[in-house]
Amino acid sequence: MLAVKSQRARGAEQKYPIKLFYTSNMPIILQTAFVSNLYFMSQMFYNQAPNSPFVKLFGDWSPSTLETGAVTNTVPVGGLAYYVSPPATFAAMLQDPFHALFYLMFTLTACAIFARTWTEVSGSSVRDVARHFRENQIVMKGHRETATAKILGRYIPIAAALGGICIGLLTVVADYMGAIGSGTGILLTVTIIFEFQEAFMKENAAMMGKQSIMM
């Protein structure tokens, strides 16, 4: 929470929240979209030239079969597509610890980068928030107006990157534990439900405030 005050209403002070999950679940959504596109491109090239060493650097694919011998789909067994995918089982993670470590580092790094990038394109960057403060004549308590961007720069980029890393870590842990579905799906479900609950609580508080004024 950052203490701010309005220059329009003297003495009016309030708190500006900078949440840990500053970009919500967008980092993992963007990371999933990136991996999905990588899978698509890798499979497309592999189908065209399955024996090319260059193509296998991006992904070596093998059909996945059931106990009955029926082929369900193709899964990455080598290349970049394999290392950016979560280990299929806990035993597979123990057999190939480098795969598990690479997946962990890739997911955390990608989520941190996408979180920082999302703040720039979604209108929630330091520059955008500082402009919003300036347009509404809001300043940091105890600081000059010119120092607003500098103070916001101490918190927003760190909150965005750290929140992205936490989101990525929760996803990786869920994948490692073999959760039903995928870690990404579970995380998206929980965060969406929480956002709906938060919006409902804000609307409820606003309605209660209006009723108290009318009374």
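Helices, meaning DSSP runs of H or I with at least four residues, and strands, meaning DSSP runs of E with at least two, are numbered from the N terminus. The structure before you is a predicted model, in which local features need a pLDDT of at least 70 and side-chain atom pairs count only at pLDDT 80 or more, while totals for chains, interfaces and linings use all residues. Residues are numbered from 1 along each chain as its sequence is written, and side-chain values use heavy atoms, with hydrogens and water left out.

I begin with the chain as a whole. It contains 8 helices and 5 strands, and from the N terminus their order is β-β-α-α-β-β-α-α-α-α-β-α-α. Of its 215 residues, 32% are buried; buried means under 20% relative accessible area, exposed means over 50%, and partly exposed lies in between, with a 1.4 Å probe and protein chains only. A contact means heavy atoms within 4.5 Å. Among contacts between residues at least 6 apart in sequence, 51% join residues at least 24 apart.

Let us turn to helix 7, residues 148-176. Its 29 residues reach 42 Å from the first C-alpha to the last, close to the 42 Å expected at 1.5 Å a residue; the expected span is 1.5 Å times one less than the number of residues. Where does helix 7 have a kink? The kink, of about 25°, lies at Arg154, shortly before the proline Pro157. The bend at a residue is the angle between axes fitted to the seven residues ending there and the seven starting there.

Helix 7 also holds Ile165, which is partly exposed at 33% relative accessibility. Ser24, in the loop between strand 2 (13-16) and helix 1 (26-48), lies 139 residues from Gly163 in sequence, yet their C-alpha atoms are 7.8 Å apart.

Next comes helix 5, residues 97-121, whose 25 residues should span 36 Å at 1.5 Å a residue, in agreement with the 36 Å between its end C-alpha atoms. Which elements do the buried residues of helix 5 pack against? They pack against helix 1, helix 3 (79-83), helix 4 (90-95), helix 6 (126-135) and helix 7. Among these buried residues are His99, Tyr103, Phe106 and Cys111. Just after helix 5, Gly123 takes a positive phi of about 80°.

Helix 1 has 23 residues and reaches 33 Å between its first and last C-alpha atoms, close to the expected 33 Å. Its buried residues include Met26, Ile28, Val35 and Tyr46.

Finally, I consider charged pairs. Side chains of opposite charge can pair when their charged atoms come close. A salt bridge is a side-chain nitrogen of Lys or Arg within 4 Å of a carboxyl oxygen of Asp or Glu, and the structure holds 2 of them. In one, Arg127 meets Glu120, with the closest N and O atoms 3.6 Å apart. Arg127 is exposed, at 51% relative accessible area, whereas Glu120 is partly exposed, at 44%. Arg131 and Asp128 also form a salt bridge, at 3.0 Å from N to O. Because Arg131 and Asp128 are 3 residues apart in helix 6, about one helical turn separates them. Is Asp128 buried or exposed? Asp128 is buried, with a relative accessible area of 12%, while Arg131 is partly exposed at 35%. Thank you for your attention.
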